[in-house]
Amino acid sequence: MGSDGSIILAFDLYGTLLSTESIAKELKTQFGAEKAATIAVTWRKYQLEYTWRLNSMNQYLPFSTITQRSLHHAIAENNLELQSRTAASLMSAYDCLSTFPDVAPALQSLANQPSITPVIFSNGTREMVSNSVSQSPDLSPYSGIFKNIVTVEEVQKFKPHPDVYYHLAAKVGKTREQMGDMWLISGNPFDIVGAKAAGMNSVWVDRGAGGWADGLIEGEKGRPDLVVHGLVQLVEAIEAGKISTPGTRI
């Protein structure tokens, strides 16, 4: 994969293609509109925090377990109770998250780009990601566009640990010396910084148009190579030749 000179675009799933805030629709039916948005944001916050803490402790739990436990954390923090049947319903709804509005037209355009090899690259378990790709009403029509699904289960670490980016490289037929032949597409700044540290190119999807604020790593190594405000702009960048050959820096 990618040995034919095609450009490998590794799309993050949660927070890039799928909106984790869309789970608020299901939360609203369980806890009401007032609490739904707050719970959704808190749930996502602890979901990510748990992965970083596990990385630091050199421990691993499946992302499905993390997602369930962070849900309980979010519910408890909001002084609510979670019945087992409600928890199961919410976890099921996580397989059917909505895409961001710009995703569908962008993927439709990428399907007509023979020079592009899109893959999904996620912290999620293989089962979670496969379910999302096949069951999300918004994403499933475009599932055939992705040539591979790469998850972190085999390395048992999470983004932004460098091993997960090297694992991606191995899965798409690249060596560590060829990290610059791949582009990460992500709406998550920590993912962008992790990919850059591992030697990848990166495109940050800044849908809120707030600008890059992450200050952990100074200089170009701590910044995305390209910033877009939606995936349609990514397609435009490809068509303009800004991501035209493996290893291109812009």
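Mentor: A salt bridge joins the side chains of Arg 53 and Glu 49, with an N to O distance of 3.1 Å; the term denotes a side-chain nitrogen of Lys or Arg within 4 Å of a carboxyl oxygen of Asp or Glu. The model is a predicted one, in which local features need pLDDT of at least 70 and side-chain atom pairs count only at pLDDT 80 or more, while totals for chains, interfaces and linings use all residues. Residues are numbered from 1 along each chain as its sequence is written, and side-chain values use heavy atoms, with hydrogens and water left out.

Both partners of this pair belong to helix α2 (residues 33-57) and are 4 residues apart, about one turn of the helix. Helices and strands here are DSSP runs numbered from the N terminus, helices being H or I of at least four residues and strands being E of at least two. Arg 53 is partly exposed, at 42% relative accessible area, and Glu 49 is likewise partly exposed, at 28%. On this scale buried means under 20% relative accessible area, exposed means over 50%, and partly exposed lies in between, for a 1.4 Å probe and protein chains only. Lys 45 is also part of helix α2 and is partly exposed, with a relative accessible area of 42%. The C-alpha atoms of Lys 45 and Ala 74 are 8.7 Å apart in space, although the two residues are separated by 29 residues in sequence.

In total, the count of salt bridges comes to 8. One of them is formed by the side chains of Asp 12 and Lys 159, at 2.9 Å from N to O. Asp 12 lies in the loop between β1 (7-11) and α1 (24-31), and Lys 159 in the loop between β3 (149-151) and α7 (162-171), so this pair ties together parts that are 147 residues apart in sequence. Asp 12 and Lys 159 are both buried.

Another salt bridge links the side chains of Arg 207 and Asp 102, at 2.8 Å from N to O. Arg 207 is found in the loop between β5 (201-205) and β6 (226-228), and Asp 102 in the loop between α4 (84-93) and α5 (103-110); the pair therefore ties together parts that are 105 residues apart in sequence. Arg 207 counts as partly exposed, at 25% relative accessibility, whereas Asp 102 counts as buried, at 14%. Salt bridges that share partners also join Asp 12, Lys 159 and Asp 191 into one network.

The strands come next. An open sheet is formed by 6 strands in the order β3-β2-β1-β4-β5-β6, with parallel pairing; two strands pair if DSSP finds at least two bridges between them. Because β3 and β6 stand at the edges, each with a single partner strand, one side of each is left without a neighbour in the sheet. With direction ignored, neighbouring strands are turned by 25° against each other on average.

Within this sheet, β1 is mostly covered, since 5 of its 5 residues are buried. Ile 7, Leu 9 and Phe 11 lie on one side and Ile 8 and Ala 10 on the other, and all are buried, which leaves both faces of β1 covered. β1 pairs in the parallel sense with strand β2 (residues 116-122) over 5 bridges, and Leu 9 stands opposite Pro 118 in β2. β1 also runs parallel to strand β4 (residues 182-186), to which 4 bridges join it; there the bridge partner of Leu 9 is Trp 183.

The strands β5 and β6 pair in the parallel sense over 3 bridges, with Trp 204 opposite Val 227 in β6. Helix α9 (residues 231-239) packs on the sheet and touches β1, β2, β4, β5 and β6, contact meaning heavy atoms within 4.5 Å. The direction of α9 makes about 170° with that of β1. Axes are lines fitted to C-alpha atoms, for helices over the stretch in contact, and angles run from 0 to 180 degrees between N-to-C directions.

Lastly, α1 and α4 pack at an angle of about 160°, and their axes are 9 Å apart. These two helices are therefore roughly antiparallel to each other; angles under 35 degrees count as roughly parallel, over 145 as roughly antiparallel, 65 to 115 as roughly perpendicular and the rest as oblique. Glu 26, Leu 27, Gln 30 and Phe 31 of α1 make the contact with Thr 86, Ser 89, Leu 90 and Ala 93 of α4.
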